[in-house]
Amino acid sequence: MKTPVGERFSEFFDKWICQLDDYLQQLLRVSKESLSEAEQQVLVSKLTAHYKEFYTVKWTAAHEDVLAFYCPVWLSKLENAYSWLTGWKPSMIFRLVESMRRTRVPGQRLAELTEEQVRKIEQLRMKIKFEEEKVEREMERQQVAMADCKMVELVRMASRIRNGELVGQVDGLVEVALKGILAGLERVMKAADCVRLKTLKGVLDVLNPSQSVDFLAGTCMIQIQLKQWGQRRDSQKGPRLELHNNVLF
């Protein structure tokens with residue numbers, strides 16, 4: 001069942017992913033054309049702005065209902081299965097770069113990385129891995145906190161008290177406790193999103209404009225293809241969002 005926030009964000013996400021698909025078609029065309037670095041950089045900047053818009057809208061909506069992002073109704077079951085703290089796992093980007101280098105898909109420019117670029121990307125990978133683990137430890141702390149003494153005492157009180165006035169008092173205490181839990185989940189979500197953004201920015205800072213075009217085309221294709229595969233699996237339960245048919249591997 002969609003909450004009001006889930007309903008609004010679903011509408012936004014459908015439009016956002018369609019725009020991402022349009023940008024992907026532009027990236028694929030540019031990858032095959034001989035454009036100047038300045039022209040390529042214009043498109044790269046449009047893509048990065050598109051991603052920033054996603055997180056700006058996400059954070060605003062999550063402040064109202066963060067749980068909607070831990071069980072997103074706008075994603076397929078397959079997409080949800082591969083979700084890491086409300087989004088894609090940053091380390092996946094480094095595996096993707098290596099795969100694109102070897103396969104030369106969607107273009108050959110990533111196969112032309114210099115030794116210096118490879119070294120910088122490896123340094124970034126190690127830094128991002130550390131930050132991922134830091135976020136995961138915070139999420140573990142949030143989860144374990146559900147069993148601390150205060151929560152157990154609230155559960156005991158809620159299960160035993162039947163007096164109407166006292167029940168109201170307990171409900172108030174529970175509401176305060178849940179507010180703290182939700183605030184913690186929101187912090188974890190934002191921290192994970194920041195690692196995602198740092199990963200994208202870090203890789204793009206290492207690449208030149210033509211390499212960035214191929215890199216962004218690959219990341220877009222993975223996201224869009226995963227959505228299409230997931231929708232195909234879920235198609236018996238509702239309409240699918242029609243996107244271009246792109247094949248990455």
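Q: Where is proline 106 placed?
A: Proline 106 sits in the loop between H5 and H6. Keep in mind that this is a predicted model.

Q: What is the peptide bond from valine 105 to proline 106, cis or trans?
A: That bond is cis, and its omega is near 5°. Most peptide bonds are trans.

Q: Which residue in the loop between H5 and H6 is arginine 104's kind of case: what is the phi of arginine 104?
A: Arginine 104 lies in the loop between H5 and H6. Its phi is near 60°, a positive value in a residue other than glycine. Most residues other than glycine have a negative phi.

Q: Why is arginine 104 called partly exposed?
A: The relative accessibility of arginine 104 is 48%. Buried needs a value under 20% and exposed a value over 50%.

Q: Where does leucine 85 lie, and what is its phi?
A: Leucine 85 lies in the loop between helix H4 (77-81) and H5. Its phi is positive, about 50°, although leucine 85 is not a glycine.

Q: Why is leucine 85 called buried?
A: Its relative accessible area is 15%. Buried means under 20%, so leucine 85 is buried.

Q: How do you know whether isoleucine 121 is buried or exposed?
A: Isoleucine 121 has 9% relative accessibility. That is under 20%, so isoleucine 121 counts as buried. Its place is in helix H6.

Q: What does isoleucine 121 touch, leaving aside neighbours within four places in sequence?
A: Its contacts are Phe94, Val97, Leu113, Val206 and Leu207. Isoleucine 121 and leucine 207 are 86 residues apart along the chain, yet their C-alpha atoms are separated by 9.4 Å.

Q: Why is glutamate 131 called buried?
A: Glutamate 131 has a relative accessible area of 15%. The cut-off for buried is under 20%, so glutamate 131 qualifies. This residue belongs to helix H6. Beyond four places in sequence, glutamate 131 touches Val195 and Lys198.

Q: Which residues meet where H1 packs on H9?
A: From H1 they include Phe13, Trp16, Leu20 and Leu27. From H9 they include Val213, Leu216, Cys220 and Met221.

Q: Which residues touch the most other members of the largest nonpolar core?
A: They are Leu47, Phe69 and Phe215, in a core of 55 residues. The largest share of this core, 12 residues, comes from H1. Leucine 47 touches Leu20, Tyr23, Leu27, Leu216 and Cys220, not counting residues up to four places away in sequence.

Q: How many helices and strands does the chain have?
A: The chain has 9 helices and 0 strands.

Q: What share of the chain is buried?
A: Buried residues make up 42% of its 249 residues.

Q: What share of the contacts with a separation of 6 or more joins residues 24 or more positions apart?
A: Such pairs account for 80% of those contacts in the chain.

Definitions and conventions. Residues numbered from 1 in each chain as written. Predicted model: local features only at pLDDT ≥ 70, side-chain atom pairs only at ≥ 80, totals over all residues. Heavy atoms only, no water. Helix = DSSP H or I, 4+ residues; strand = E, 2+ residues; numbered from the N terminus. Buried < 20%, exposed > 50% of the residue type's maximum accessible area, 1.4 Å probe, protein only. Contact = heavy atoms within 4.5 Å. Core = buried A, V, L, I, M, F, W, Y, C linked by side-chain atoms within 4.5 Å.
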